[in-house]
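Please keep the sequence and the three-dimensional view at hand while reading.

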Amino acid sequence: MQPDCSCPFEVRTAQKMRDFIEERMESLNAAAYVGTGGATLFESSSAENSEDKEASSDQQIDPVTLLNAAPGAFVSGLKEPLSASLWPYKVVQALARESTLATFVETCRVLKIVEGASADETDAGHTTVHTSKGELIARTVIVATNAWITDVLPELEAHVKAVTNTVLCSKLPVPPEMRWPIATISCGDGAEEVYINQREDGRIVLGGLRSKDQSLCQSDSGPGDSAIAHALQEWFRERFPAMASVIGSYEYCWKGCIGIPQDGMPIAGRLPGRGDMVYVCGGFAGHGMPRCLGLAEGLVQHICGLEVSEAEYMARCDVRRFFTDAILHTP
Ligand SMILES: Cc1cc2nc3c(=O)[nH]c(=O)nc-3n(C[C@H](O)[C@H](O)[C@H](O)COP(=O)(O)OP(=O)(O)OC[C@H]3O[C@@H](n4cnc5c(N)ncnc54)[C@H](O)[C@@H]3O)c2cc1C
């Protein structure tokens with residue numbers, strides 16, 4: 001998790017995640033949370049990077065001395081003090097335990113959402129959610145299926161694209177004396193990004209280089225893309241040769257799906273054209289952890305008529321930015 005320190009919303013949301021883990025999961029250990037910070041590394045000194053460097057000279061790091069990078073591999077690096085490593089699945093399980101619907105959440109698949117389709121007149125003004133376990137009649141529906149949002153809300157197809165990311169995990173841990181003093185590293189932007197996470201046990205998790213994906217596959221089943229896996233290993237070997245030689249081969253290779261809105265901002269809020277009953281929260285691209293909790297909270301506050309604590313950020317994410325006409329969805 002690498003919150004953007006210049007975005008107050010992300011800073012607050014990352015802190016909320018940390019507080020939740022500490023208070024509700026009893027300790028940070030329960031989520032394998034390591035808050036030693038991270039770094040962004042730059043491979044070229046573009047004007048943009050120079051501006052960043054000038055603005056935060058006290059944040060600069062030397063990738064060679066701090067991270068044992070190959071000399072010349074990176075031109076500079078910046079500290080990311082709020083970055084942390086955690087085990088998202090454990091946090092999701094803990095969040096689900098807070099909900100009375102936890103069992104259902106784990107086993108049920110939503111197939112279709114249809115407004116007011118029930119034959120029963122008492123259901124007028126409600127929405128029918130068709131699931132793999134039967135029908136649910138609901139007054140309010142929140143779709144939070146991220147990369148799979150368009151499976152449930154096809155009217156967003158033109159606005160949210162699903163892509164996959166290939167990830168590797170090293171077989172061996174880095175020996176303690178060689179470990180980085182930080183938990184995460186990011187290098188490059190968008191589809192070019194490589195992200196690295198040094199796990200609590202010293203193993204290296206390495207992912208990204210989505211730009212090399214030629215498969216156009218949008219499924220997260222099966223192993224990761226072999227060409228990307230190879231490119232990631234090469235990338236790491238060239239830039240961190242000493243570490244690459246001690247971690248040896250990679251034991252796991254998998255892929256995950258992310259949903260990317262056309263303008264890069266997440267989407268949240270009430271979807272027009274669905275009888276004012278269907279809401280969406282997602283489209284976090286590869287940067288959801290410092291955003292999803294805060295947006296979900298803001299959306300629920302809005303639905304419950306409470307004061308929205310992140311109103312300004314919520315407004316920027318409003319799904320209605322994609323639509324100018326009111327009626328969009330034809331059941
Ligand atoms: C490989 C990879 C690496 C990432 N790295 C980072 C990172 O370093 N930092 C960061 O901040 N973020 C990262 N992300 C993004 C982050 O994981 C997501 O932004 C975050 O998990 C968003 O949470 P979410 O609950 O919205 O979506 P998800 O975690 O994607 O959850 C969506 C859920 O919806 C379920 N679902 C889908 N369709 C249906 C349906 N029809 N019915 C019922 N359930 C359905 C899925 O099974 C899934 O459990 C990464 C994502 C991937 C894939």
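The ligand is surrounded by 25 residues, and the closest are Asn146, Gly256, Phe284, Gly288 and Met289. A residue is taken as near a molecule or strand if its C-beta atom, placed from the backbone, lies within 6 Å of it. This is a predicted model, in which local features need pLDDT of at least 70 and side-chain atom pairs count only at pLDDT 80 or more, while totals for chains, interfaces and linings use all residues. Residues are numbered from 1 along each chain as its sequence is written.

By class, the shell around the ligand contains 14 nonpolar, 9 polar and 2 charged residues. Here Ala, Val, Leu, Ile, Met, Phe, Trp, Tyr, Cys and Pro count as nonpolar, Asp, Glu, Lys and Arg as charged, and the others, Gly among them, as polar. At least two residues of the shell come from each of α6 (149-152), β8 (160-170) and β12 (250-261). The largest share, 3 residues, is that of β12. Helices (H or I, at least four residues) and strands (E, at least two) are DSSP runs, numbered from the N terminus.

Strand β12 also belongs to an open sheet of 8 strands, with the order β2-β3-β1-β9-β10-β11-β8-β12 and mixed pairing. At its edges stand β2 (60-61) and β12, each with a single partner strand, so one side of each is left without a neighbour in the sheet. Two strands are said to pair if DSSP finds at least two bridges between them. In general, the strands of a sheet pair through backbone hydrogen bonds, either parallel or antiparallel.

Within this order, strand β1 (residues 38-42) pairs with strand β3 (residues 76-80) in the antiparallel sense over 5 bridges, and Thr40 stands opposite Leu78 in β3. The pairing of β1 with strand β9 (residues 184-187) is parallel, over 4 bridges; there Gly38 stands opposite Thr184 in β9. Strand β1 is mostly covered, as 4 of its 5 residues are buried. A residue is buried if 20 or more other C-beta atoms, placed from the backbone, lie within 10 Å of its own, exposed if 12 or fewer do, and partly exposed in between. Further along the order, strand β10 (residues 194-198) and strand β11 (residues 204-208) run antiparallel and are joined by 5 bridges, with Asn197 opposite Val205 in β11.

Helix α7 lies across β8, β10, β11 and β12, running at about 55° to β8. Such angles run from 0 to 180 degrees between N-to-C directions, and the axes are lines fitted to C-alpha atoms, for helices over the stretch in contact.

The largest nonpolar core has 39 residues, and those with the most contacts inside it are Leu168 and Leu232. Its largest share, 4 residues, comes from helix α7 (residues 226-239). A nonpolar core is a set of buried Ala, Val, Leu, Ile, Met, Phe, Trp, Tyr and Cys residues joined through C-beta atoms within 7 Å. A second, separate core of 29 residues includes Ala147, Leu153, Ile258 and Leu299. Leu232 touches Thr166, Leu168, Val194, Leu206, Gly208 and Leu209, not counting residues up to four places away in sequence. Two residues are in contact if their C-beta atoms, placed from the backbone, lie within 7 Å.

Another open sheet is formed by 3 strands in the order β7-β14-β13, and the pairing is mixed. Its edge strands are β7 (141-143) and β13 (267-270), each of which pairs on one side only. Neighbouring strands of this sheet are turned by 20° against each other on average, direction ignored. Between β7 and strand β14 (residues 278-282) the pairing is parallel over 3 bridges, and Ile142 stands opposite Tyr279 in β14. Helix α9 (residues 292-303) lies across β7, β13 and β14, and runs at about 160° to β14.

A further set of antiparallel pairings remains. Strand β4 (residues 110-115) and strand β5 (residues 127-131) run antiparallel, joined by 5 bridges, and Val114 stands opposite Thr128 in β5. Strand β5 is also joined by 5 bridges to strand β6 (residues 134-138), again antiparallel, through a hairpin of 2 residues. In this pair His130 stands opposite Glu135 in β6.

Lys112 is found in strand β4. Lys112 counts as partly exposed because it has 14 C-beta neighbours inside 10 Å. Although Lys112 and Leu153 are 41 residues apart in sequence, their C-alpha atoms are 8.3 Å apart in space.
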